[in-house]
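Subject: Structure handover

Hello,

Here is the structure I promised to pass on. Please open it beside this message; my notes follow below.

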Amino acid sequence: MPDAEELVAAALTAARGTDVREAERALDRLVVGAPAAVDAALLARLTRAVGRLWLRGWQPVDLDRLATRRLEPGAARLLRDTAAAQRRDQRGPVPAWFDDQLAELGGRWDDDADWLTRRADGDRITALRDAVDALVLVEGLPPIAVLRPPPGRPDATPRGDAGKSGSRMLDRVRALLAKAESTTFPAEAEALTGKAQELMARHSIDAALLDATAERPDRPSGVRIGTDAPYAAAKALLVQEVAGANRCESVWSDDLGFATVLGFPADLAAVELLHTSLLVQATSAMLRGRGERRSKSGSRRTKAYDESFLNAFALRIGERLRAATEAAGQEAVAARGADALLPVLAARSDAVRERLDTLFPGVTRHRLAVRDAEGWTSGTSAADRASLDADAPARQQVRGRR
């Protein structure tokens, strides 16, 4: 009888192949192997593979996002727990953002002994299949851009955190956007969203000026935002437009299902907050437009309409957001002087572009195709209704880089 490590290796080789029967036979051999030894071999290989991912640019939330898309729920949960097990044995410094992500994912680890047997709930073969599938995924993932120093490196304790902020201003922005998502009045949503962008633009300028005088100024970092099907390209376009309006750059990795946004911490926080809210608003507006179209024409063909709607919404919203950012900049110039502000903003934009060129030297561009004129018109109109005019009455009724 082969030892446990050989059984695991054989099961992985079979699972990567095209012979389904051989994969099932290899899984059966794992089932009849010594449970404690098989569990230990699987855990050791999983934790090693997950630990290597952190050094190859992956973060816990990135892994969980992809696992949720590609694996069965049990296998995705297993990877969350494996990340917690790997953290326990992590050597070297571990940055706070890493532990924050693990906590948000909810992975937990109690004891190594018979860990998979205890998870099986009487169905060991399913638990083993989940573990093998998780290993196939993790060991097959490519390196991606390292956005923050990973655990174990001496520089793994950066000052800034692009994804978190206890700022009262950001708490206020979250409250404004939550109201914009929940209201049934388009003009109220536009006023709330406009006010949120105005606040974030001012906050970005304040942060830039403060950082310019800091002993250790911030450097551009990045976040990844999921772009799940359906209409992943349209969702990536929305990320890009929101990023551009907030002095960030975005690159879409369509094969991995996310867009990478590069920028300074305050701007990245703005992109994450605003994108999440606008995606909710765009989807709601699209569904309303789809229903109106069906009631008028009886058409049930929605894919081209939906995609054109979301593309048009993203481009139009991008124009509105950039206008709000420009207005905030002009206001700041009038108050503080062009010589004090413009060189600082220009230097930050140059730093972000340099970071983009370093991490993504082979980036290409993707041309938009309008497949449904009615969807494009409706999407543009929906974005116009969310015109981001913060002073509007409260109750009044592309290009893409990857």
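Is Val146 buried, partly exposed or exposed? Val146 is partly exposed, with a relative accessible area of 28%. Buried means under 20% relative accessible area, exposed over 50%, and partly exposed in between, with a 1.4 Å probe and protein chains only.

Before the rest, some ground rules. This is a predicted model, in which local features need pLDDT of at least 70, side-chain atom pairs count only at pLDDT 80 or more, and totals for chains, interfaces and linings use all residues. Residues are numbered from 1 along each chain as its sequence is written, and side-chain values use heavy atoms, with hydrogens and water left out. Helices (H or I, at least four residues) and strands (E, at least two) are DSSP runs, numbered from the N terminus.

Back to Val146. This residue sits in the loop between helix H8 (124-139) and helix H9 (168-182). Leu55 is 91 residues away from Val146 in sequence, but their C-alpha atoms are 7.8 Å apart in space. Setting aside neighbours within four places in sequence, Val146 is in contact with Leu55, Arg56, Gly57, Arg153, Arg355 and Leu359. Contact means heavy atoms within 4.5 Å.

Next, the helix pairs. Two packed helices are described by the angle between their axes and the distance between the axes. Axes are lines fitted to C-alpha atoms, for helices over the stretch in contact, and angles run from 0 to 180 degrees between N-to-C directions. Angles under 35 degrees count as roughly parallel, over 145 as roughly antiparallel, 65 to 115 as roughly perpendicular and the rest as oblique.

Helix H1 (residues 4-16) packs on H3 at an angle of about 60°, with the axes 8 Å apart. H1 and H3 are therefore oblique to each other. On the H1 side, Ala4, Glu5, Val8, Ala9, Leu12 and Arg16 take part; they meet Ala37, Val38, Ala41, Leu42 and Arg45 in H3. By class, this contact has eight nonpolar, no polar and three charged residues. Ala, Val, Leu, Ile, Met, Phe, Trp, Tyr, Cys and Pro count as nonpolar, Asp, Glu, Lys and Arg as charged, and the others, Gly among them, as polar.

H3 also packs with H5, at about 80° and with the axes 9 Å apart. H3 and H5 are therefore roughly perpendicular to each other. Leu43, Leu46, Thr47, Val50, Gly51 and Trp54 in H3 meet Leu78, Leu79, Thr82, Ala83, Ala85 and Gln86 in H5. The residues of that contact divide into eight nonpolar, four polar and no charged.

Now H6 (residues 96-105). Trp97, Phe98, Gln101 and Leu102 are buried there. They cover an arc of only 140° around the axis, which puts them on the same side of H6. The arc is that of the directions from the helix axis to the C-beta atoms. The buried residues of H6 pack against helix H3 (35-55), helix H4 (60-70) and helix H5 (73-88). Turned away from that side are the exposed residues Ala96 and Ala103. Just after H6, Gly106 takes a positive phi of about 80°.

Last, some backbone details. Asp114 has a positive phi of about 50° although it is not a glycine. Asp114 lies in the loop between H6 and helix H7 (115-120). Tyr231, also not a glycine, has a positive phi of about 65°. Tyr231 is buried, with a relative accessible area of 16%. The peptide bond from Ala229 to Pro230 is cis, with omega near 0°. Pro230 is in the loop between strand S1 (221-226) and helix H11 (232-245).

Best wishes
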